[in-house]
Amino acid sequence: MTAMPAVQADGLVKKFGDVRAVDQIDLEVRQGEIFGVLGPNGAGKTTMLKMLATLLTIDGGRAEIFGVDVAAEPHRVRQLIGVTGQYASVDEDLTAAENLWLFGRLQGLRSADARATARRLLAQFGLGEAAERRISAFSGGMRRRLDLAASLITRPPLIFLDEPTTGLDPRTRGQMWDTIRELVDDGCTVLLTTQYLDEADQLADRVCVIDQGRKVAEGTPDELKTQVGDSTLQLQLAPGADQARARAVVRRVLGEEPVTTPESGRLNVPLDVADRAADVLIALREAGVGIASVSVAKPTLDEVFFALTGHGTAADPGAGGPAGAVPGQDTPSLDHTTTEMAR
Amino acid sequence: MTTVLDDPTAARPRPAPATDPAAAVARTRARVGVGDTLTQILAMAWRALKKMRRNPEQFFDVALQPLLFTAMFAYVFGGAISGDVHSYLPLLIPGIVAQTVLTTCMATGTQLREDMDKGVFDRFRSLPMSRLAPLAGPMVADLLRYLIAASLTYVMGLILGYRPGGGVLGVLGAILLAVLTGWAIAWAFTWIGTVARSARGVQGISMMILFPLTFLSNAFVPSKTMPGWLETFTKVNPVSHLVSATRDLANNGVITGQVGWTLLTGFVVVVIFMPLSVASYKRHL
């Protein structure tokens, strides 16, 4: 017997005026997995998540959470989910402990139980010291953790996380990832949205990519990445170096044509195996091509997008993208973890 | 760089779920019970009281208006309307009480709107809780505001030399009536709070309703002095009923039919606007 899916959505549609923010999305999230919804700002990730979490009406298609229809029985669905929004949905004027107590009371816990649950969750999320402090004095990372804790009071089997680490520093981000993994170890199913390929890669068992309200790809993170290559070797040639010769060397070593920016003397080489970076560098030295700097970068969301859709995360050659974002802004710097190797 | 190798998801063992989804689905209930709704309303009232205590500046309008307006109206209009300030007070104080309570209602609507725009309301919406509680909770807490507003007006009157003929009981009765009426009328402003686009919008709309309602009544001048058509309007204006009932209670210590009309008006407002507010709050989803 196969277990009932945690989320089953067929042909979900959300319209805002003439814009189809979510356009015919099918989704199946299996029990016990972390499912990542990957896409740039304005792709429709949050809208889709809010529809599944009963926070937005469904304009077309249908969705079920553990077999319960979202549109028909939202009250039942709300008893099965925990929602952690993009902006901390906790009360600024209350302390951390008061927030959790309130949410516990609102979900039918007795006052003493609500207090005990609050204490346990605060300790679990490393917020024990800050229990009596007001949220307005909390850092971004502490807010996110409290927000997540607030979603776990009744131990719902499905957790929605909307961009759980956007805006967090790398260390806090890592802690959040550990917490999310622990949730799944406890038997939760997690549906999270993210704009970081790296995050989907680290956390998600399966990923779907959303662009302009449509699902453009689905699979494991590895399957997605093989479509773009694992990483990119970025070479900055020394001033006056022979670019044509450099290109020829790369082509000979890797059998692939590098992407060049002639004005700045930069070469981008897709690498399926990072080791081969050394081969390229040695060959370049032997050929007498001077190098100013070298770095290896993981594929960015932009590159995944380009591979999947033929356009960047923001570009929309037809009607002018709904997100209206400027290219480059959509590529978070964290996504582009560059490692300097030589100078 | 080979992030795939240290991918923890690959090696992570999958234990049997501690939270069994099938059992969780079986436990779900179709709707919120009456008892749960009451608990939730009280929890939301607790939240509103906490917020009031931590943002005392919210009380400025409630506290300042009775003090300022009572003195201003008494000294500016007293001589013209009643011959002198002292004999104007029995007419004026109940009028100010009504005005203050109505203005406080406006604050209820405005603050609800502000509150609803905050992130925490996303959580309230996603919780399996009564859709009435987020609206009714703050209104329970607001009873305190009406009480403070009405009491302060009488205190200011006493300072200016007002000696209510109805005695302590009459004044307490008048305060109780004002608190109840304020609470009931506030449902109309709560509804405005749920339909308006912004807190400023709520304030604008509410002012448009409040100004004519309080000034086209017998709150500050005897309606006999007005043109006939206006006098007729003041007679059906619910504010006039509240003012008359308050005068009867505070000045004469008698409960008249005006109390009945006032309570009926309040009841009608609740019956109409409570369901409208809840429906509008749900539509926001």
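Tutor: Helices (H or I, at least four residues) and strands (E, at least two) are DSSP runs, numbered from the N terminus. This is a predicted model, where local features need pLDDT of at least 70, side-chain atom pairs count only at pLDDT 80 or more, and totals for chains, interfaces and linings use all residues. Residues are numbered from 1 along each chain as its sequence is written, and chains are lettered from A and ligands numbered from 1 in the order in which they are written.

Student: OK, what span should helix 5 of chain B have?

Tutor: Helix 5 of chain B covers residues 85–116, so its 32 residues should span 46 Å at 1.5 Å a residue. The C-alpha atoms at its ends are 44 Å apart, which agrees.

Student: Where is the kink in helix 5 of chain B?

Tutor: At B:L91, shortly before the proline B:P94. The kink is about 40°, with the bend taken as the angle between axes fitted to the seven residues ending at a residue and the seven starting there.

Student: And how many residues of helix 5 of chain B are buried?

Tutor: 25 of its 32, so helix 5 of chain B is mostly covered. Buried means 20 or more other C-beta atoms within 10 Å of a residue's own, exposed means 12 or fewer, and partly exposed is in between, with C-beta atoms placed from the backbone.

Student: Zooming out, how many helices and strands are in chain B?

Tutor: Chain B has 12 helices and 0 strands. Buried residues make up 44% of its 285 residues.

Student: What does the C-alpha trace of chain B span?

Tutor: About 95 × 40 × 35 Å along its principal axes.

Student: Last one: why is A:V269 called buried?

Tutor: Because 24 other C-beta atoms lie within 10 Å of A:V269. A:V269 lies in strand 13 of chain A, residues 266–271. Its C-alpha atom is separated by 4.9 Å from that of A:L233, 36 residues apart along the chain. Beyond its neighbours within four places in sequence, A:V269 is in contact with residues including A:L233, A:V250 and A:V280.

Notes. The expected span of a helix is 1.5 Å times one less than its number of residues. Two residues are in contact if their C-beta atoms, placed from the backbone, lie within 7 Å.
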